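Look over the sequence and the model before reading on.

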There are 2 protein chains.
Amino acid sequence: MDGLSVASAGGGTRIEGVMAAISDRIATRSLMPGARLPSVRSFAKTMQVSVSTVVEAYERLAAEGTIRSRPGAGFYVCGPLPPLSLSETGARSDRNVDPLWISRQSLEVGDDVLKPGCGWLPPSWLPQAALRRAMRTLARGDMAALANYGTPLGLPPLRQLLARRLGEHGITVSPDQILLTESGTQAIDLLCRFLLEPGNTVLVDDPCYFNFHALLRAHRANVVSVPFTPTGPDVELFGQILERHKPRLYITNSAIHNPTGATLSPVTAHRLLKLADAAGLTIIEDDIFADFEDVPAPRLAAYDGLDRVIHIGSFSKTLSASVRCGFIAARRDWIDGLVDLKVASSFSCGQLSAELVHLALKDGSYRRHVEALRVRLAKTMAEVSTRLEAIGIVPWLKPRAGMFLWCRLPEGLDAADVARACLAEGIVLAPGNVFSLSDTAGRFMRFNVAQSTDPRIFQALEASMRKLR
Amino acid sequence: MDGLSVASAGGGTRIEGVMAAISDRIATRSLMPGARLPSVRSFAKTMQVSVSTVVEAYERLAAEGTIRSRPGAGFYVCGPLPPLSLSETGARSDRNVDPLWISRQSLEVGDDVLKPGCGWLPPSWLPQAALRRAMRTLARGDMAALANYGTPLGLPPLRQLLARRLGEHGITVSPDQILLTESGTQAIDLLCRFLLEPGNTVLVDDPCYFNFHALLRAHRANVVSVPFTPTGPDVELFGQILERHKPRLYITNSAIHNPTGATLSPVTAHRLLKLADAAGLTIIEDDIFADFEDVPAPRLAAYDGLDRVIHIGSFSKTLSASVRCGFIAARRDWIDGLVDLKVASSFSCGQLSAELVHLALKDGSYRRHVEALRVRLAKTMAEVSTRLEAIGIVPWLKPRAGMFLWCRLPEGLDAADVARACLAEGIVLAPGNVFSLSDTAGRFMRFNVAQSTDPRIFQALEASMRKLR
C-alpha cells in the first residue's frame with residue numbers, strides 16, 4: 001500500500017487514481033486491447049506521483065486481469081479485441097467457421113488447393129482474349145487513362161453502357177444515376193454508410209452470401225434474417241419481420257441467389273415490394289451474377305423503378321476479379337450524397353479498371369464468351385450434381401443458371417466438420433451455417449460447380465463423411 | 001377532424017395514431033428524408049383506418065413541416081439530409097466551400113479547366129514509359145494476374161519491395177506486417193474503422209489535408225486540431241490537447257506536410273512521440289509524398305518502431321492515380337483484424353493494380369523518372385513562387401521538396417472569395433479554410449506548382465484580387 005493515501009481528484013488514493021486513469025483510457029479505447037501501457041517512469045511523471053505508486057497500481061490492475069505484464073517488455077492491456085475485429089484467429093485452419101472463414105481460406109491458399117467452396121470461376125473460364133486486348137489497347141492509349149483520377153461518378157462511357165444493359169433488364173436508369181465503385185462489396189459498403197447508423201436493423205435472407213454478415217457486423221448493424229424459399233424470401237414471414245423489427249434495409253440477390261441458386265418469382269417480387277412500400281423499407285438488390293442468366297428473372301429495381309430499391313453489380317464473376325469495378329444505380333436525389341461519401345472514403349475509384357471493363361464489355365468477343373460460359377456452366381452443373389448425388393449429397397433445387405449448387409448432406413452430418421476434415425486434405429469447402437444467421441443450415445453446403453471438377457473432391461468428401469458418420 | 005376519435009394504442013385519436021406511426025418511421029429512419037410516404041390508400045389498409053383519416057394525418061404532418069406534398073406525386077419526408085450526407089450541394093459552383101469542395105471541383109471539371117488547387121501532377125509528369133511497359137507485360141503474362149482476386153494481404157513481391165523501401169527510411173518492417181489497400185485514402189478509412197467508434201476524438205493538424213476532415217466526419221468522429229508550425233505540430237499545445245481532449249488517434253503527414261510543405265524536425269518528432277506514449281495515443285502517419293523527398297526527413301514510424309505509429313502510403317502522386325493501390329504498415333498483432341475488416345468491406349484489393357505498381361516500381365526507369373521529377377518540381381516551385389510573390393501572394397515557407405506551396409494572400413482578402421471568383425474563370429483553387437478546422441486560414445491558399453505554370457492563373461488571380469479588395 002502507498003503510505004501517502006491522500007485523496008485524489010476521484011476521491012480515492014493515489015494508487016486508485018492511477019488505476020482509474022488507466023481504466024479510463026482502456027474504456028475510451030485510447031489504450032486498445034493489446035496496447036503497451038506507458039512506462040512506469042513516464043506515467044509517474046504524467047500523473048505526478050511516485051514510481052512506486054504506479055508500480056503498485058499496475059500490479060493491482062494485473063491482478064484483476066485488466067492488464068498483464070510481459071517479462072522485460074512492460075504491461076499490456078488484456079481484454080476483448082476491439083469490437084471491429086471481426087474474428088480472432090485469422091485464416092489458420094483451427095479458426096472458427098465464421099462468416100469470414102471461407103473468404104480467408106479461399107483467398108489465402110495456393111493454387112494447389114482445390115476450392116469448391118469459393119465464389120469465383122477459375123481464371124481459365126474468364127474472357128482471356130477480351131482482357132488481353134483491352135490491356136494492349138490501354139498500354140498504347142491516352143496517358144490520362146493510365147495516370148489520372150477518374151471523375152467522381154466514374155468513367156462516362158462505362159456508365160452509359162451500364163444504363164443500356166440495365167435497360168435490357170427493364171431497369172430504366174440514366175447514366176447520371178449510376179455511380180462506379182471499386183467493387184460490388186464496396187458498393188454495398190458505401191450504401192450501408194449512407195443509409196445506416198450503428199444499431200439499425202438490417203434484414204438478410206437465410207441463407208445469404210456470408211460476407212453480408214461480416215460487412216453488416218462491421219457497420220454494427222443489428223441483423224435479422226428471413227427464411228429463403230425456392231422463389232424468394234418467405235413473404236408471410238417477411239411481412240411479420242417488417243412489423244416486429246422495423247428493419248431499415250433489406251439486402252438480397254434477385255436474379256441468381258447466393259448460395260441457393262434460386263430465382264425470385266414475379267409474384268414474390270411484387271408482394272415483397274408492396275410490403276416494403278408500406279413499411280418504408282429500402283432494398284439493396286445485389287445483381288452480380290446477372291451475366292450468368294439465360295432467361296432474365298424479375299428485378300426488384302425494375303418493378304420499383306429505383307424508388308426504394310438500389311441496384312448494384314460488378315464484373316468480378318464474369319470478367320475479372322483482379323480488375324476491381326462495381327456500380328450503384330440509385331434514385332437521383334441520393335447520388336450526390338453517395339459521391340461525397342465515396343470521395344471522402346476512397347477519393348476516386350480506379351479509372352484504369354473502369355477503362356478495362358469498358359473495353360472488355362464492348363469487345364465483340366465478350367458476348368460470345370458469356371454465351372459459351374453459360375453452356376459450359378449448365379453442363380458442368382449437371383455433371384457435378386450427378387456426382388454429388390452419387391455420394392448422397394442432394395441439391396436443394398436445380399438452379400436455372402449460375403455456378404452454385406446448394407446441397408444437403410446425408411443425415412447426421414455437420415457440414416462444418418466435413419469442411420474441417422476436407423481442409424486438412426487441401427480442399428476448401430463452404431459449410432452451410434456461414435450463410436445462415438439462424439444457424440439452421442448445418443447440414444447444407446454450397447458447391448461452385450466450376451471449381452468442383454476434380455475427382456479428388458468427391459473422394460475426400462466421401463471419405464470424410466464416412467469417417468464422421 | 002375525424003369524428004371517430006377512438007383512443008389508439010398510443011392514447012390519442014386515430015389521426016394521431018397515423019401521425020405517430022409516420023413520425024416513428026422518420027425518427028427510426030425507416031423513412032429517410034426525401035423518401036415518399038406510403039400512398040394514402042395503402043397506408044390506410046396497413047393501419048386499418050379510413051382513407052380520410054390518413055389524408056387528415058398527412059395534411060397535419062405537412063402543416064407542421066414534417067412532410068410535404070408534391071402535386072400529383074404524393075407526400076415526401078422533409079427535414080435534414082441523412083447525417084452521412086457530407087454536404088448538400090454537390091459540385092455546383094455555388095456549393096459552399098467545404099472540405100469536399102476542392103475534390104469535387106477538381107475531379108469533375110474537364111481538361112480545359114486549370115487546376116492549381118488540385119493535389120496531383122499532370123499526367124505528362126508521371127512515368128509514362130514504366131506504366132506502358134508494365135501494361136504490356138501484364139497483357140501477355142499469366143491469366144491469373146488478370147483475372148484472380150489477390151491474397152488478403154496483397155501481392156507478396158510488392159509487399160517485399162515495400163518492406164525494403166520502408167527500410168531505407170529507417171522503418172523496420174516485415175512484409176507480413178504490410179497490408180495492401182485500394183488507396184492511401186482507403187488505408188486511412190480502414191484504420192478508422194478498426195480504431196474508432198462514433199464519437200471518439202481524433203486530432204489533426206491545422207491546417208491539414210482537407211479530406212481528413214471529410215473522412216473523419218463520415219466516421220462520426222469528434223475532430224480537434226493542433227496548430228502546425230514549420231517543424232511540425234506545436235508540441236506544447238499538442239501536450240495540452242492530449243490532456244484536455246484525450247484523442248484516440250492523431251493523423252498527420254511527416255515527410256512532406258500537406259498543405260504546408262513543411263518537414264517534421266527530429267526534436268519535434270521525438271517530443272511528440274513521448275507525449276503520445278504517455279497518453280496512449282495511436283498515430284497514423286500518412287507518407288504518400290515520400291518519393292518527392294530529396295533528403296529523407298524523420299519518420300514517426302521509424303522512431304517509434306511501429307508500436308503506436310501506423311505508417312501508410314500510396315503511389316497516386318508519383319506513379320499513377322488511375323492505378324489504385326495503397327498500403328498499411330502496422331504492428332503485427334493488428335494485421336489480422338485489419339485483414340478481416342478489409343475482406344468484409346472490399347473483399348480484395350485489386351491484384352491487377354498491385355501487379356502494375358510492382359512492375360513499374362521495379363522498372364529501371366522509375367528511379368530515373370523520380371530523380372528528374374524532383375529536379376523539375378524544385379525548378380517549378382522556384383518559378384511559381386516568384387510569380388506569386390510578384391502579385392503579392394507570399395509562401396509561408398520554402399518547402400524542401402514536393403509540389404505544394406502554402407501561401408498568404410494580401411491583407412483584407414478572403415481566399416474563398418478569390419477561389420469562387422477564379423472558378424468562374426475556369427480555374428480551381430484551394431482556399432485555406434478547407435484545410436483548417438479552426439477556420440483560421442482564410443487568407444491562405446495552397447498551390448500545386450506542377451499545375452500552376454499557365455500564365456492565365458496569375459492573370460485571373462491578380463484580377464480577382466484587385467476586384468475583391
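Is H213(A) buried or exposed? H213(A) is buried, because its relative accessible area is 7%; buried means under 20%, exposed over 50% and partly exposed in between, with a 1.4 Å probe and protein chains only. This is a predicted model, in which local features need pLDDT of at least 70, side-chain atom pairs count only at pLDDT 80 or more, and totals for chains, interfaces and linings use all residues. Residues are numbered from 1 along each chain as its sequence is written, chains are lettered from A and ligands numbered from 1 in the order in which they are written, and side-chain values use heavy atoms, with hydrogens and water left out.

**Around H213(A)**

- H213(A) sits in helix α9 (residues 210–218) of chain A. Helices (H or I, at least four residues) and strands (E, at least two) are DSSP runs, numbered from the N terminus.
- Beyond its neighbours within four places in sequence, H213(A) has contacts (heavy atoms within 4.5 Å) that include P99(A), V204(A), C208(A) and F435(A).
- F435(A) also belongs to a cluster linked by ring pairs, together with Y209(A), F210(A), F212(A), W406(A) and F444(A).

**Interface of chains A and B**

- In contact across the interface are 104 residues of chain B and 106 residues of chain A.
- The two chains bury about 8500 Å² between them, and 54% of that is on carbon and sulfur atoms. Buried area is the accessible area (1.4 Å probe) that two parts lose on being put together, summed over both.
- The rule finds 10 salt bridges between chain B and chain A. A salt bridge is a side-chain nitrogen of Lys or Arg within 4 Å of a carboxyl oxygen of Asp or Glu.
- D340(B) and R104(A) form a salt bridge through their side chains, at 2.5 Å from N to O.
- Helix α13 (residues 332–346) of chain B gives the largest share of the side of chain B that touches chain A, with 10 residues.
- That side of chain B has 47 nonpolar, 30 polar and 27 charged residues. Ala, Val, Leu, Ile, Met, Phe, Trp, Tyr, Cys and Pro count as nonpolar, Asp, Glu, Lys and Arg as charged, and the others, Gly among them, as polar.

**Aromatic pairs**

- Over all chains, the structure holds 30 aromatic pairs. Rings of Phe, Tyr and Trp (its six-membered ring) pair if their centres lie within 6.5 Å; planes under 30 degrees apart count as stacked, over 60 as edge-to-face and the rest as tilted.
- Y209(B) and F212(B) are edge-to-face, because their planes are at 80°, with ring centres 5.3 Å apart. Both Y209(B) and F212(B) are buried.
- F289(B) and F292(B) are stacked, because their planes are at 20°, with ring centres 6.2 Å apart. F289(B) is buried at 4% relative accessibility, and F292(B) is buried at 2%.

**Backbone features**

- D206(A) and P207(A) are joined by a cis peptide bond, with omega about 5°. P207(A) is in the loop between β4 (201–206) and α9 of chain A.
- N258(B) and P259(B) are also joined by a cis peptide bond, with omega about 10°. P259(B) is in the loop between β7 (249–252) and α11 (266–279) of chain B.
- D439(A) is not a glycine, yet has a positive phi of about 55°. D439(A) is exposed, at 52% relative accessibility.
- L306(B), also a residue other than glycine, has a positive phi near 55°. L306(B) is buried, at 4% relative accessibility.
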